[in-house]
There are 2 protein chains.
Amino acid sequence: MAESKISRRQFVSSAARLAAVASFPAKPLLASASAATASTTADPARLDDPGWKDQGIENLAKSPHAKLRDIPVRAVTIESGFWGRRREINVTKSIPSMHDLLEANGRMNNFRRLTGKSDGQQIGPVFSDSDVYKWTEAVGFALQSGDRPGLRATAEKLIDEVIAVQEPNGYLNTYYQDDRKSLRMLAQTQTTGHELYNMGHMLQGAIAYYRATGDRKLLDAGIRFIDDFLLPNYGPAPKKPIVSGHPEIELALIELYRITGNKRQLELAGYILEGDKRIELPETRTIYMFSGTPFTARTKMQGHAVRAMYACCGATDYFLETGDDAYWKTLNLLWNDMTSRKMYVTGGVGSRAEGEAFGDAYELPNFRAYGESCAAIGNMMWNWRMLAATGDAKFTDVIERALYNGINSGMSLDGTMYCYRNPLAFDPSSGEKIRNPWYDVTCCPPNLERTFASLPGYFYSASEDGIYVHLYDNSRLDWHLENGTGLKIVQTTNYPWDGGIAIAISAARPSEFTLHLRIPGWCDHAEVALNGENIAGVTPGRYLPIRRNWSGGEIVRMKLEMTPQVLQANPRVADDTGRVAVQRGPLVYCLEGLDQPDGVALNDVALPLRSQPDTDFTTEFRSDLLEGIVVLHHPGFVAEAGESERFLYSPYEGRPRKTRPVPLTFIPYYAWSNRMTTAMQVWTPVLTS
Amino acid sequence: MAESKISRRQFVSSAARLAAVASFPAKPLLASASAATASTTADPARLDDPGWKDQGIENLAKSPHAKLRDIPVRAVTIESGFWGRRREINVTKSIPSMHDLLEANGRMNNFRRLTGKSDGQQIGPVFSDSDVYKWTEAVGFALQSGDRPGLRATAEKLIDEVIAVQEPNGYLNTYYQDDRKSLRMLAQTQTTGHELYNMGHMLQGAIAYYRATGDRKLLDAGIRFIDDFLLPNYGPAPKKPIVSGHPEIELALIELYRITGNKRQLELAGYILEGDKRIELPETRTIYMFSGTPFTARTKMQGHAVRAMYACCGATDYFLETGDDAYWKTLNLLWNDMTSRKMYVTGGVGSRAEGEAFGDAYELPNFRAYGESCAAIGNMMWNWRMLAATGDAKFTDVIERALYNGINSGMSLDGTMYCYRNPLAFDPSSGEKIRNPWYDVTCCPPNLERTFASLPGYFYSASEDGIYVHLYDNSRLDWHLENGTGLKIVQTTNYPWDGGIAIAISAARPSEFTLHLRIPGWCDHAEVALNGENIAGVTPGRYLPIRRNWSGGEIVRMKLEMTPQVLQANPRVADDTGRVAVQRGPLVYCLEGLDQPDGVALNDVALPLRSQPDTDFTTEFRSDLLEGIVVLHHPGFVAEAGESERFLYSPYEGRPRKTRPVPLTFIPYYAWSNRMTTAMQVWTPVLTS
């Protein structure tokens, strides 16, 4: 019994599953924009294809090695509930206020000064343009969920100002201008200058905006950069070499290829993932950059975490298009290394502040955890791609874990303050401000905004045999099966506060297909009933396939057990020795100092566990607290006053020190640091008795 | 019973003890060298005073607020035994090979190029001159223990080459030459340029060499820098301001004052410790530098650890001369903060690599511990001064802890490899090389060399009422009481491997005085017998005062219980939760991977403790291992093969995972990493059953 529980909740690799190899290349949807350099496999007849409306976060419609295909963001409406609130604040407060901050911090002036509309110097780091592009992507995804005229007008103006800077040869970057013009695309610049990183984000922003509006203006500018500037001049010898100093262009190139069908864009991504030996780099640099050497030669997760995650996204995209077995083997090796040795229980990755990097195996400090918001987002994006390749729920478990915890913690509940790093313990005496409205390296805030804006696109996938349900919240799907049969799905739930979910399925006409229902891996026990009758074979950590002739009007009811769970870490995680974490449903919980009785210091607290599974938790929905959360109560112990101050080292006593009972109150980790600066910890020492 | 044990072994503050205020200033021993700027309180008649022979590590002979006074290094001969071996290697291998490395790395060429004897550019960082000076200090201390003609000749040549560079105005620094001449002593340069730091080490080297040889050449050059260049031009307005970018000059100025009696040197140290408001610095900088703001305004130990330790040394020296109560209060506040919240069990300090700094309270990571060798040395130097002010054994406990563990680990057993950082856990897969023959920032190696060379000076102190015995090893003291009565003390022991020590006391004539015998704080039980009769009042963590009329030929026998001890850390030390450390006598022990059975990974190991105090240890002296050590054996458990690889997070089980018994072998921490690169850990998870 205990054994089977472990196998359900573990984050462990299974054998690599290679998707079936299919034909190549994919049929293009849209021609490249540039006539001058047109040498593509694109189909000109697709120029006016209205497919932009039907494309999801990724357009996998023609990807030969995708088992699952994205559904458009607009096909899913997230209604009032957990994510509804977050998304409404995102679009009404976060995205507009970030635009004001980009303006106030000169990010748009960098463009204007080049068209004579403003003076002053270039402001901000080399990757400042990407802040603008990520914001554009956030707007693009927001508009995919419905028009927001003010937002669209603001974006239109911004896009016009961006495009005005593009040079006739296609080059577009506000940093490598004037004196720095001569540095463009030099090996050293590519290594540190983020030119292609910026362009990758420009393409992602352009694509999201195109998929929202059908407006090709920014997209065409991106295509000009790729087709006119990059492809003719850079690539394998005799062209000039490329190194991806900060991976991002790879996944953008492949998504662009999925629109244009221009195979050279895909090939360029593959060339960049392979690295070009003509640019020689020290090993420390290629580790840090997670690029510059063949992706398929990597054997462990290391280096700068965001770079690593984006590289893995690009490599998975490359696999989805090519089925290259070496890529698939490497991707699974890296995934296993990360999820079994280098990921926080929050789904955050990149534990080491130095180099914003993955640490050694099991190096997962709590106070000094880095866990950059962008890295958790990258983790979700990568797992989304791995899920598309396989339909394996182990990837969805990571998506959900990162989304609800290590990503969700990154934005304050009011939508105006952001975490760059997401520690798992915090001591306010450090003086550190964890949430800030702006960072000069402001990658995380717009990254969080684009993620929440894109969220409807993560709820479902289409497959040859039916439809996959990945995430649960009050929502409506209005889409169709791959055979064209209309399909509506309405989810009614109080998830993640409650494990009950009602799912109403209405096919436009009676139709046989499989509904793949995700049973979360965190779940100890789950029940699924169709029209009141229990279905067998419900296994946490798997998709439950329900195949039948759906006649319309079926109701599937799920009951996911949400007993609070106590987790231990692998004993090799030195920072978690003798400690436990608390989770309920998909939410990791934490203690915040201000919720505990007066005078109780968090670092003096221990959690007594009388039985396993522990039954001493009580749950309470607090509508007045942190926009409505379930808090958990559990008896605890705290060291007597003065006890902790006395000794630094003393003889081992083999029993608890002088303690007194104290009631402990846990809140969801994502909600921490939304009231006042106070101590916080996810991992609490355990007292066995 | 348990309570009293705790109070004996703890590292805890007691109330501050203010030494009695005495007259000021001290009587000088030696005039300043500079006639041109002579404006001192020095006594010219002392010019030929042979006092150099009688001066200890510090010359506290006239320090009004010193309760204890140093005994010359030459008065103590450390014979064959634990430190005898280390010191012989230090003087025959470490010091000579470091000279060769200083040459090979251009440190001496920096001097020669300025006198036209060599060409080339300045090599190494701004503080490169200090490497040469610390080496000179090591030689000085070595020569205090007896002449080494070859070493002295080498040092003479080096000193001549140093002095040749001194400018007529007294300035001496090889870095601020040529283009950088204009930067000398600018506020910015003082903050980062280490000019006065270099000079501080020059003075320390000069003083040690003078005390060995009576040779004033280098000392006079140092006095010229201070008296001709610094004092006339820098100091309180209207002179130009000083900021101590890296404290060191303070303690050197005060030691110089103790030789010259030039009160202005002491006053300048006080001015520097106070900081000069005319140089405005951001708070982050004054925290990092542990200088630039009034020393007496500090409330916690923070910033760069070596800077903090040297600043505390200087401030204690200032107190020893002035009795300034504000200094004493601050020193005790800082000492309590450090020893109760910020010190490793090895006596290492400065846990954070970022900024080589003290961390927050209880921030004591093991794998990523910084624990710079220089900081542990600074800790010992500071406690030596606090001990002089008080005679309180709590300071000696820290000295012994740092010396035997966090300092001793810094030099390989063969004397040619050095640690910069001294972690308390190590994973060889990190690829890090912990011991290296040379660092471009090579502060630690010569610092270790000067420390081991000076060691005899730490064994005893003189007091008004008799003599203090601080450290134990086979050794001979040949000195006198403060009243002039000759005194010889011979220690015969196998310490630290065995707790039995025979101390033969021979006063030149029958004489009443107090023998203050240190009973180490780590000791659970100690017995002291005089001529076979047990003495009452033996209290670990205190000096045992034995007052009597010593007639000559008395033998004191000590028995210090050396049962292996299991230590726990304050529960607030998050990195040590659920873990214990092992100590025997003054030695902290560790596990090294290569000593455990094949296939046992250290991070899978746990230590079962059936009883407290634990009785499952067996000890074994291994003469063949690591130059002869006592190893400790204890039964342990190791996770079954594959167990640790399987889960990153899983349900809390409340019981050990699948384990099998395994014998564990501990070695002294100082001896780690002397055979091959292998895993190491000081803190091991405990299994209670």
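In which hand does H10(A) pass H12(A)? In this predicted model, H10(A) passes H12(A) in a left-handed crossing. The two elements are helix H10 (residues 263-274) and helix H12 (residues 305-322) of chain A. Their axes come within 10 Å and cross at roughly 130 degrees. H10(A) is therefore oblique to H12(A). Leu266(A), Ala269(A), Gly270(A) and Leu273(A) form the H10(A) side of the contact. Gly314(A), Ala315(A), Tyr318(A) and Glu321(A) form the H12(A) side. By class, the residues of this contact comprise 5 nonpolar, 2 polar and 1 charged.

The corresponding pair in chain B was examined next. Helix H10 (residues 263-274) of chain B packs on helix H12 (residues 305-322) of chain B at an angle of about 130 degrees. The axes of H10(B) and H12(B) are 10 Å apart. That angle makes H10(B) oblique to H12(B). The crossing of H10(B) past H12(B) is left-handed. From H10(B), the contact draws on Leu266(B), Ala269(B), Gly270(B) and Leu273(B). From H12(B), it draws on Gly314(B), Ala315(B), Tyr318(B) and Glu321(B). The contact of H10(B) with H12(B) has 5 nonpolar, 2 polar and 1 charged residues.

A further helix pair lies in chain A. Helix H4 (residues 128-144) and helix H7 (residues 195-213) of chain A have axes that come within 7 Å. These axes cross at roughly 20 degrees. H4(A) and H7(A) are therefore roughly parallel to each other. H4(A) passes H7(A) in a left-handed crossing. On the H4(A) side, the contact residues include Asp129(A), Tyr133(A), Lys134(A), Glu137(A), Val139(A), Phe141(A) and Leu143(A). On the H7(A) side, they include Tyr197(A), His201(A), Met202(A), Ala208(A), Tyr209(A), Arg211(A) and Ala212(A). The contact of H4(A) with H7(A) divides into 9 nonpolar, 9 polar and 4 charged residues.

Strand pairing was then traced in chain B. Strands of a sheet pair through backbone hydrogen bonds, either parallel or antiparallel. An open sheet of 7 strands in chain B has antiparallel pairing. Its order is E2-E8-E9-E10-E15-E12-E13. Strand E2 (76-78) and strand E13 (533-534) of chain B are the edge strands, each pairing on one side only. Strand E12 (residues 526-530) and strand E15 (residues 554-560) of chain B run antiparallel and are joined by 5 bridges. Leu530(B) has Val556(B) in E15(B) as its bridge partner.

A hairpin is also found in chain B. Strand E20 (residues 618-622) and strand E21 (residues 629-639) of chain B form an antiparallel pair joined by 5 bridges. In this pair, Glu620(B) stands opposite Val631(B) in E21(B). E20(B) and E21(B) form a hairpin with 6 residues between them. Leu626(B), in the turn, has a positive phi of about 50 degrees.

The relation between the chains was considered last. Two copies of a chain are related by a rotation about an axis and a shift along it. The same surface serves both copies, with 100% of the contact residues of chain A recurring in chain B.

The contact between the chains takes 54 residues from chain A and 55 residues from chain B. Several elements of chain A give two or more residues to the side that touches chain B. The helices among them are H1 (2-9), H13 (325-341) and H17 (643-646) of chain A. The strands are E16 (565-569), E17 (579-584), E22 (649-651) and E25 (684-688) of chain A. E16(A) gives the most to this side, with 5 residues. By class, the side of chain A that touches chain B has 24 nonpolar, 17 polar and 13 charged residues.

Strand pairing also links the two chains. E22(A) is joined by 3 bridges to strand E16 (residues 565-569) of chain B. E22(A) and E16(B) run antiparallel. Across this pair, Ser650(A) stands opposite Gln568(B) in E16(B).

Terms used: Residues are numbered from 1 along each chain as its sequence is written. Chains are lettered from A and ligands numbered from 1 in the order in which they are written. This is a predicted model: local features need pLDDT of at least 70, side-chain atom pairs count only at pLDDT 80 or more; totals for chains, interfaces and linings use all residues. Two strands pair if DSSP finds at least two bridges between them. Helices (H or I, at least four residues) and strands (E, at least two) are DSSP runs, numbered from the N terminus. Axes are lines fitted to C-alpha atoms, for helices over the stretch in contact, and angles run from 0 to 180 degrees between N-to-C directions. Angles under 35 degrees count as roughly parallel, over 145 as roughly antiparallel, 65 to 115 as roughly perpendicular and the rest as oblique. A crossing is left-handed if the near helix is turned anticlockwise from the far one by less than a right angle, and right-handed if clockwise. Two residues are in contact if their C-beta atoms, placed from the backbone, lie within 7 Å. Ala, Val, Leu, Ile, Met, Phe, Trp, Tyr, Cys and Pro count as nonpolar, Asp, Glu, Lys and Arg as charged, and the others, Gly among them, as polar.
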